[in-house]
Amino acid sequence: MALTNYIKKYAKEIKIELSPEKISDIDIYIREINAWSKKADLTSIKGDENILVNLFIDAFTLLPYIKDGKKLIDIGTGGGFPGLALKLFYRDTKATLVDSSSKKCVFLKHICDLLKFKDVEVLWTRAEELGRDPLYREKYDFACCRAVSSLSTIAELCIPFVRIGGTFIASKGKESEEIKEAEPVIGILGGKIERIEKVKYQFFSEEKNIIIISKINNTPEKYPRRNGLPQKRPIKI
Ligand code: SAH
């Protein structure tokens, strides 16, 4: 089956509509991932269909929880997931993509040029540093994060960016222990778990949890802590 037909098939399965332009963009993006995978250390996922399902379709499961035309930041975006895939779908999103690997940032800029995306900022930096920058702190309607670290760690890296009234969407596996541990930590950071959506499709290797966290209070100034600490010593309560 041609890749474009796979794209149509999976979009139908998750009930989203993709214009011919979006299908073509995904097709081009997947080819570029394949071409750059080794030199930019993008993903260990091999094969067009696997990349489509585990990176793009997986990112699109977050679409119901965000809105177009808003400011979104993706922390530890890697090859652009979920942030750039969400931007591909919602064209009026103002997206900031953050990664501490320069090679990945070069790849992301290349994709944005190739697909002529506007309003995307690619930042080669660490979330701990950017989260203290007044130009970025509490400035976003949405933050998202996938496959970076435990929920307590990514909460410390992501919640500082979200404005009060905004949402942090964490894309996680099905570990419920991790969520229980993180709940009070999220509270300290100014967030509140609104709901946990279970996503189950037979084509995903495991069940997923989408954790929807609203920002209800300002994040205390001492967070995020210095580089590496959120990962090495997650906040414990
Ligand atoms: N979200 C992508 C990539 C996951 S791999 C996906 O789902 O495919 C984790 C990525 O997070 C790596 O690219 C790594 O460079 C980045 N990363 C880890 N800690 C970070 C930090 N503190 N600040 C910015 N990026 C970070």
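## Nonpolar cores

Among the 53 residues of the largest nonpolar core, Y29, F56 and F60 touch the most other members. A nonpolar core is here a set of buried Ala, Val, Leu, Ile, Met, Phe, Trp, Tyr and Cys residues joined through side-chain atoms within 4.5 Å; buried means under 20% relative accessible area, exposed over 50%, and partly exposed in between, with a 1.4 Å probe and protein chains only. At least two residues of this core are supplied by each of helix 1, helix 2, helix 3, helix 4, helix 5, strand 4 (140–146) and strand 7 (208–215). Helix 3 provides the largest share, eight residues. Helices (H or I, at least four residues) and strands (E, at least two) are DSSP runs, numbered from the N terminus.

F60 is in contact with I14, I16, L18, I26, A85 and F89, when its neighbours within four places in sequence are left aside; contact means heavy atoms within 4.5 Å. Another core, of 30 residues, lies apart from the largest one and includes I73, L123, A182 and I235.

## Basis of the model

The model is predicted: local features need pLDDT of at least 70 and side-chain atom pairs count only at pLDDT 80 or more, whereas totals for chains, interfaces and linings use all residues. Residues are numbered from 1 along each chain as its sequence is written, and side-chain values use heavy atoms, with hydrogens and water left out.

## Helix 2

Helix 2 spans residues 20–40, and its 21 residues reach 28 Å from the first C-alpha to the last, close to the 30 Å expected at 1.5 Å a residue. The expected span is 1.5 Å times one less than the number of residues. At N34 the helix bends by about 35°, the bend being the angle between axes fitted to the seven residues ending there and the seven starting there. Just after helix 2, D41 adopts a positive phi of about 50°.

## Strand 2 and its partners

Strand 2 (residues 94–99) is largely enclosed by the rest of the structure, because five of its six residues are buried. Strand 1 (residues 71–75) runs parallel to strand 2 and is joined to it by five bridges; two strands pair if DSSP finds at least two bridges between them. D74 has L97 of strand 2 as its bridge partner. Strand 2 also pairs in the parallel sense with strand 3 (residues 120–124), over five bridges, and A95 stands opposite V120 in strand 3.

Strand 1, helix 4 and strand 2 form a right-handed β-α-β unit, as do strand 2, helix 5 and strand 3. A crossover is right-handed if, with the strands pointing away from the viewer, the path from the first strand over the helix to the second runs clockwise.

## Backbone features in loops

F81 and P82 are joined by a cis peptide bond with omega of about 5°, and P82 lies in the loop between strand 1 and helix 4. The peptide bond from Y223 to P224 is also cis, with omega near 0°; P224 belongs to the loop between strand 7 and helix 9 (229–232).

E138, in the loop between helix 6 (127–130) and strand 4, has a positive phi near 55° and is buried at a relative accessible area of 19%. A147, in the loop between strand 4 and helix 7 (151–158), has a positive phi of about 55° although it is not a glycine, and counts as exposed at 69% relative accessibility.
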